[in-house]
Every structure is written in structure tokens, then in C-alpha cells.
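Please open the model in your viewer and follow the stops below in order, making each selection before reading on.

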Amino acid sequence: MNLKHILKMIKFHKFFALVIILQVTLSMSVVSNSFFLGLKVYKEWSLAEGIVPEELITISAKTYQPGANFQSLLTEDLDELSKIKGVKGVTPINLTPIAAGWPNTIYDSEGENKTSLQTHIFNVDSNGLNVLGLKLIEGRNFNSIDVKYSDGSEQPNVVMLSEAMAEELFSDSDAIGKTIWLAEDSSPVEVIGIYSNFISSQFLAAKGMPYRSILQPKVVWHRENAQSYIIRVEPGTAGSVKNAISDHYAQIVGRTGGRPDSLADVKWQVFFERVGTFLMYMTISALLLIITFCGLIGLINFIVSTRKGQIATRRALGAKVSRIIWEFITENMVITVVGILFGLLFTVVISSMFREFNGLVAADLIYALVVAVVICLLNAIAVTISVRKTVKRQPSELLI
Amino acid sequence: MLKYNMKMAWLSIRRRPVLNLLMVMAIGIGIGIFTAAITMVYQGSQTDLPHKSDRLFLVQLDSRNLASEPVDNFNKMIDMTYIDTVNVSQIDYPKSQITFGWLTDQLVNVENKNVMPYRGFSFVTNRAFFSIMDIPFLYGSAWSQEQEISGAPVVVITKARNDLLFNGENSVGKQIRLDDKAVTIVGVIDEWHVRYRFYDRTFMKGLSDDAYLPYRYALDANLSRNARFECWDNTSMRYQSSGTEELLASECGWITVWSLLDSKDDLAEFRNVLDDYVDGQRASGRFPREGGHLLTSLDEVMAYVHNKNVDYQFYFIIGSMFMAACIFSAVGIMLANFMSKTREVCIRRALGAKRKVLIGQYISEVAVVGFIGGVLGIFISFGSLHLMKLKMFHSVGFYADIADLDLLFKLDAVMVGTGIFIAIISSILVSITPILRVCQVKVSRNLTME
């Protein structure tokens with residue numbers, strides 16, 4: 001069956017060809033975009049955290065005691081939390097890894113030619129690196145002299161950078177001993193160490209910079225913000241430690257530990273909406289493919305019924321059943337491919353219009369081809385089901 | 001005739017249950033998803049307080065220094081200074097009611113040890129806020145003028161918090177503590193929800209305030225101020241918890257101010273009032289820039305917010321494409337359905353039935369299928385919207401109140417009607433070709449074949 005004949009047949013059934021093309025175009029666009037959303041969520045979800053979320057608990061201890069001494073409460077908290085069975089270490093912290101909020105802007109130099117970079121500055125004590133389970137790659141860890149305990153007035157003069165941060169700032173040279181500025185017009189701080197990467201926030205992850213972070217040896221106590229801690233626990237003890245933390249604060253009048261969460265819980269909370277959206281679109285896609293399949297069977301049945309005479313003549317002249325089925329499949333495949341090409345175009349246009357798709361690259365279009373293959377396969381099955389029944393009948397029955 | 005057509009349609013549908021069920025499913029699912037998408041777009045683009053949103057204005061005075069960049073919309077303009085907030089609210093212009101406020105948060109705790117302390121978010125405001133925003137009261141009322149002026153430690157709480165703290169009983173006269181400060185409840189507001197928290201310009205969804213506090217008390221007690229302080233050349237976060245007196249006398253913009261005019265026609269007059277105020281202040285050395293005020297109606301504020309909301313546009317595009325794909329699939333199913341009627345059409349035509357009558361009957365049949373599909377679609381839409389609401393509720397976080405999201409996912413009569421109407425119309429449109437084809441078959445040839 002040559003292409004000229006196929007095109008002639010398509011032209012003859014142009015209305016139905018158009019319906020099939022539209023059906024395939026729309027299904028392809030909806031399913032591919034859903035697939036892309038799922039792919040993006042999967043990519044973000046499966047990004048290596050660099051820490052063990054299941055073994056890290058975050059709490060925000062709040063105080064409403066009249067005249068409370070926040071400095072001594074901080075010391076008490078560190079002491080009491082360390083005593084809980086299963087706890088391996090505690091550090092005060094100002095942000096939650098994986099889910100830090102709005103980023104900080106830092107500078108690589110002073111003056112007009114300075115370059116600014118977005119990152120997250122995590123304030124921790126000298127246990128911070130070990131509690132988070134990060135590896136020291138170069139330089140040294142904070143010591144007790146580096147850590148500045150204050151109501152916010154004291155600024156440390158050293159920091160540690162994540163590997164990604166160091167690469168970003170000092171790609172050409174060794175970062176150790178270099179200086180950076182943590183705010184505009186601030187005093188410079190010296191880089192004393194480089195540690196292994198961990199995901200700092202979803203904000204930077206969405207911008208393709210998930211591992212940018214800075215550790216600063218700083219512990220601030222003040223009334224307005226509750227004091228947050230990160231607690232490292234023995235594997236498998238997160239549940240019991242969370243309960244013990246809640247019980248501990250419940251016994252102290254004027255204190256509350258809020259709701260302790262493991263970083264695995266935090267990650268799930270952060271991803272909940274995205275996973276929900278992905279599931280929603282995948283359900284829609286599955287339904288759409290089923291409906292498209294039913295519609296195709298109906299359409300092709302009708303087309304076959306209008307071509308009974310043609311089928312009968314060809315059968316009478318000795319054409320094999322499989323050959324006739326194959327010709328119908330080929331004919332429909334030409335129509336389907338046109339629909340798929342339009343669908344791909346729609347997919348690219350839609351995915352470039354919305355920020356939901358940020359982070360996808362051109363290579364991901366290969367996954368759209370998977371969707372295209374599935375649609376072609378459904379089309380072929382629909383054609384086979386519809387044509388087979390008619391073709392198998394005797395030519396004489398078809399010609400009556 | 002219509003009754004007869006409907007009867008015929010029903011009989012025909014029952015004769016081919018599988019094909020008609022497929023049709024209903026295709027239309028129902030398509031309409032269901034589409035209606036859910038357009039409901040989210042429609043509800044998400046509605047403005048709260050629709051009966052006064054064109055005369056409720058966000059008031060901003062441009063007290064910035066000369067070096068500041070010119071701005072053309074409210075989102076880039078600074079909020080009001082305390083000096084201007086107090087002065088504007090005291091201007092003798094009876095056709096305008098002024099309210100203002102800022103956010104604060106504390107640990108809310110009560111004597112009942114069974115109630116865990118929680119971080120409560122409050123809006124610090126004046127008593128006019130409740131009448132301007134049409135807030136209904138379940139118990140008690142707003143604080144009095146005297147309490148407002150004297151800085152009395154009083155609070156108005158929400159029904160949700162009253163349920164949590166006092167099991168829903170009338171709590172007026174009881175006390176709660178905000179951190180270590182005791183305040184007396186003077187009112188409990190009834191269910192009151194907005195789609196977006198426009199009044200504090202956070203535009204948050206699903207997170208309502210827990211309580212409302214009088215501004216004089218909040219300042220005297222030095223409650224935290226969760227605001228952005230635009231202080232000419234810098235932003236100073238230290239005013240969140242300290243330097244109250246300095247802040248109140250400063251040129252820092254940080255308070256959101258709203259004015260409700262009696263009528264939209266009073267706008268020009270109100271602009272003159274503000275201009276006069278700015279000129280007066282300029283004479284005393286303030287307001288170095290030209291111009292002076294920016295008034296943005298709630299309608300305009302929300303139009304700006306809605307334009308930024310691209311999520312809904314995405315839902316709308318996907319929902320529309322989904323429905324179109326379902327409708328085109330329905331064409332195929334419809335063709336198969338009508339193809340099986342060829343013999344029936346030929347016999348009826350041979351017995352003298354007019355083509356016009358047959359077309360009318362088949363269109364009635366399709367309309368019935370479309371209606372059933374539409375009804376199914378409404379149920380699917382209802383379920384989809386509920387799932388979307390749950391998704392948003394869980395993603396908003398621990399402090400969310402699902403009732404705050406009801407308005408954004410409400411399938412109202414307009415949407416139900418629209419869904420069913422689209423189902424019927426689209427069913428008829430897609431069936432025109434199949435119906436015309438089946439009614440145009442050659443009677444003699446088909447009957448001979450039989």
C-alpha cells in the first residue's frame with residue numbers, strides 16, 4: 001500500500017481523519033504534560049539529600065514564661081535534649097535543612113564590582129557539622145572559640161562553605177583562607193572549611209542550586225523567634241525521641257516544644273502538594289487514554305463499515321486478512337503521527353509557558369516519545385479490534 | 001412532541017446501554033474535570049466583599065525621599081507611616097471609614113492544661129475593621145471606643161479558636177494569655193472567611209488570623225510587629241520587637257490602611273482630602289516628592305493578584321484540552337452508536353417518517369445523554385474539587401483551616417448550570433455529523449441488503 005493511496009483514503013475520510021488527529025493531539029498534550037510534571041517531581045524528590053532525613057529531628061522550642069532568661073533556657077534545652085535516649089547530638093539552628101525559606105544574599109567582594117549570590121546561612125554551634133552528618137572535605141570544623149553566643153549583636157568572623165558553594169565562589173582556587181561578605185556593607189568573614197553538600201531549600205532547588213549553603217558559628221537567643229534545634233538520633237528511634245521531646249516540654253510550665261518533626265516528615269510536607277498534583281494529572285491521563293481508546297474504536301468501526309465493499313473486493317481477489325489489517329493500521333498510523341507531531345508542539349508550548357515545568361531540559365522530550373509510542377500502540381489495538389471482525393467475514397457476506 | 005421525543009430517546013438509550021454508558025462516561029469525565037478547572041479559575045478570580053470592593057480602597061501615601069524610584073502600582077509602594085495612619089484616620093471626612101493594621105504572633109495559652117499552647121497569629125487593628133469587613137459576631141462584639149483609646153488588654157477571637165480553647169462556649173469575659181500577657185475576650189466572631197487575606201496584603205489562602213487586637217494595646221504591650229519596615233534608604237527589621245517610640249515617630253512605612261467610601265462617587269472628593277493633608281504635611285517639611293497618594297480599590301488590588309496567579313491558567317488549559325479530547329472521543333462512540341441505527345432509520349423512513357423528525361428525535365436522545373453525562377460530570381467535579389481542596393489544605397500546613405478554603409473550591413449553582421449546559425450543547429454539536437450521516441442513508445439500498 002503506497003503513501004499516495006493512503007493519503008487518498010485519508011482525504012476521502014477527511015472529517016474522521018481530522019477528528020482522530022485532534023483526539024491524538026489533545027491526548028498527547030495532556031498526557032505528556034502530566035508525564036513531565038511527574039518527571040519533574042520525581043527528579044526533585046530523588047535528588048540526594050546529603051543528610052539522612054530519617055535520623056534528624058527538627059523542633060522549635062517556645063517560651064512564654066514571664067521574665068525568662070533565654071540564654072540559660074538555651075543551655076538547659078541543649079543539656080536536656082542530649083539526655084533523651086536515642087539522641088546522638090543536638091545543635092541550635094536558625095533554618096530547617098531541605099526546607100529553608102527565603103535565601104540570603106552574600107557577596108564575593110566589596111565595592112561596586114562585587115558579585116552577589118543567593119544562598120542559605122545556617123547558624124549552628126560547634127556540633128553543627130557532626131549533628132547534620134556532613135563530612136569535612138577540607139580545612140577545619142568550628143571550635144568553641146569560633147561560636148558566638150549572643151542576643152544577635154555578636155558576629156562570628158569565620159564560616160564554612162558547602163562544596164557547591166565553594167565551587168560557585170572560588171572555582172579557580174582554594175577557598176580556604178578566602179573572605180566573603182554575608183551582607184552588604186558587613187565585615188568580611190574567613191572561610192575555614194568546606195563540607196559535603198546537603199539540600200538547603202526548595203527555593204534554591206527549583207533554581208537548580210540545591211546544594212548552596214553556608215554554616216556560620218552563631219547561636220542567637222531572643223524572645224521573638226522560638227529557638228530551633230536539630231537533633232541527630234540513632235537509626236529507627238525518631239518516633240520515640242519525638243514523643244520524649246513532646247513529653248519533656250509538656251512538663252515545663254511556660255514552655256512548649258511544638259510539634260517535633262523528622263526531616264523525612266518535613267520533606268514529605270514540602271512535597272505533599274507536588275506529589276498530589278502529580279497523582280491528579282496521572283489519574284487524568286489514565287482516564288483520558290481509556291476514553292481516547294474507546295473513541296478510536298467507535299470511529300474506526302464506522303470507517304470500516306463505510307469501506308466494507310472495498311474490503312470484500314480485496315478479500316475476493318486473494319488479499320490476506322493480516323495484510324488488510326496491516327493496511328488499516330498503516331493508514332491510521334499516518335493520521336496518528338500527524339496528531340502526535342501537533343501534540344508534541346502543544347506539549348513544548350505549554351511546558352515553556354508555565355513555571356511548573358522549570359528544571360526540565362530538552363533531553364526530557366524523549367519521555368514524550370514514550371507517550372507517543374503508547375498512543376500509537378492503543379491506536380493499533382483499536383484498529384485491529386475494529387477491522388479484524390469485519391475482515392474475517394466472507395466477502396459474499398460483506399457485499400450483500 | 002417533546003415528551004414523545006424524550007420517551008423515544010429513553011427507549012433508544014436503554015436498547016444500547018453499553019454504547020450509551022460509554023458516551024455518558026466520556027462526556028461526564030470530560031465535563032467533570034473541565035468544570036472543576038473552571039470552578040477553580042472562577043472562584044480564584046472572585047473578589048471578596050463584592051458589594052463594596054469598588055469603594056474599599058488601599059490607601060498609600062508616598063512619604064519617601066526624593067531619591068526613591070517612581071512607582072505606578074500598590075505592590076511597589078510603601079505602606080503607611082504610623083504618623084500618617086493616625087492622622088488620616090482622624091481626618092474629619094464623614095464619607096470615609098478608615099481601618100488599618102499589621103500582623104503579630106504570640107504563644108496563646110490558657111489555664112486549661114489540656115489545651116496545648118499554640119503559636120497564634122493576630123491582626124492588630126482598630127474597631128472599624130469589623131464593620132468595614134462585614135465580620136459577624138457569634139458572642140460579644142468589637143472592643144469599645146474607650147477600650148481602643150485607653151489601650152485596654154482585650155481581644156476578639158475566631159470561632160475556630162473559641163472551639164479549641166473553650167469548647168465553643170461563650171467565652172466573652174474570659175482570659176487568654178498571649179505569651180505572658182493576659183487579655184480579656186470581648187468578642188467571638190462567627191464563621192468569616194475570605195478567599196485571599198487581602199486586608200493584610202499577604203494574600204494567603206487557607207490561613208486566617210486567630211485573633212484581632214486593638215492597636216493601642218499592641219503598641220503599649222510591645223507585641224511583635226510582623227511587618228516590612230520601609231525606612232527611606234533601608235529596611236529595618238529591628239522595629240519588629242523594639243524601638244516602638246522611635247518607630248511611631250519615624251518615616252518608616254509599615255501599616256496597611258484601608259478606606260471605605262460611602263459611594264464610589266466620593267472618590268474625587270476623598271482624593272482632594274488626601275491631597276490637602278499631604279500639602280499640609282509638606283508645609284511642615286514632610287513629603288519631599290511630588291504627588292502624594294495612591295488609592296487602589298480592592299477590585300484593582302485583586303485584579304493584580306489574579307494576574308500573577310498562573311497556576312489556575314494551567315489548570316484551565318489542561319482542563320479545556322481534557323474536555324475537548326473527551327468530546328472528540330465521544331464523536332467516535334456516537335458514530336458507532338448511530339451506525340447501529342441504520343436499519344431503524346431505513347424502516348422508519350420507508351414508513352414515511354420525515355428526515356427532520358428523525359433528526360429532532362436523535363438530537364433529543366443526544367441531549368438526554370449529554371444531560372446525564374453533565375450530571376455525572378458535576379459529581380466528578382464535586383469530588384475533584386474536594387480532593388484539590390484537601391491537597392491544598394495539607395500543603396498549607398499545620399495552621400490551616402479547611403473552612404478558609406471552601407470559597408476557593410465551591411461548586412456553586414452558576415458552575416453546576418454551566419457544566420450541564422456545556423455537556424448538553426457539546427453533545428449535540430459533536431453528534432450533528434453522525435446524525436446527519438445516519439439520516440442520509442439510502443433507504444432502498446439498505447432495505448434491499450437486509
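## A tour of chain B

Begin by selecting residues 21–226 of chain B, which an unreviewed UniProt entry lists as "domain: MacB-like periplasmic core"; keep in mind throughout that the model is a predicted one.

Next, colour chain B by its two assigned parts, with domain 1 covering 2–45 + 309–449 and domain 2 covering 56–308. Taken over C-alpha atoms, the centres of domain 1 of chain B and domain 2 of chain B are separated by 49 Å. Where they touch, 15 residues of domain 1 of chain B are in contact with eleven residues of domain 2 of chain B. On the domain 1 side of chain B, helix H13 (residues 355–396) supplies the largest share, three residues, and this side as a whole divides into nine nonpolar, three polar and three charged residues.

For the last stop, select helix H2 (residues 17–44) and helix H14 (residues 413–439) of chain B, whose axes come within 10 Å and cross at roughly 140°. How do H2(B) and H14(B) lie to each other? The two helices H2(B) and H14(B) are therefore oblique, and H2(B) passes H14(B) in a right-handed crossing. Show the side chains of B:Ile27, B:Ile31, B:Thr35, B:Ile38, B:Thr39 and B:Tyr42 in H2(B), which meet B:Met415, B:Gly419, B:Ile422, B:Ala423 and B:Ser427 in H14(B). The residues of this contact of H2(B) with H14(B) divide into seven nonpolar, four polar and no charged.

Key: Residues numbered from 1 in each chain as written. Chains lettered and ligands numbered in written order. Predicted model: local features only at pLDDT ≥ 70, side-chain atom pairs only at ≥ 80, totals over all residues. UniProt positions renumbered as here; feature names shortened; annotations may be inferred. Domains from an automatic or database assignment. Contact = placed C-beta atoms within 7 Å. Helix = DSSP H or I, 4+ residues; strand = E, 2+ residues; numbered from the N terminus. Nonpolar A, V, L, I, M, F, W, Y, C, P; charged D, E, K, R; others polar. Axes fitted to C-alpha atoms, helices over the stretch in contact; angles between N-to-C directions. Parallel < 35°, antiparallel > 145°, perpendicular 65-115°, else oblique. Left-handed = near helix turned anticlockwise from the far one by under 90°.
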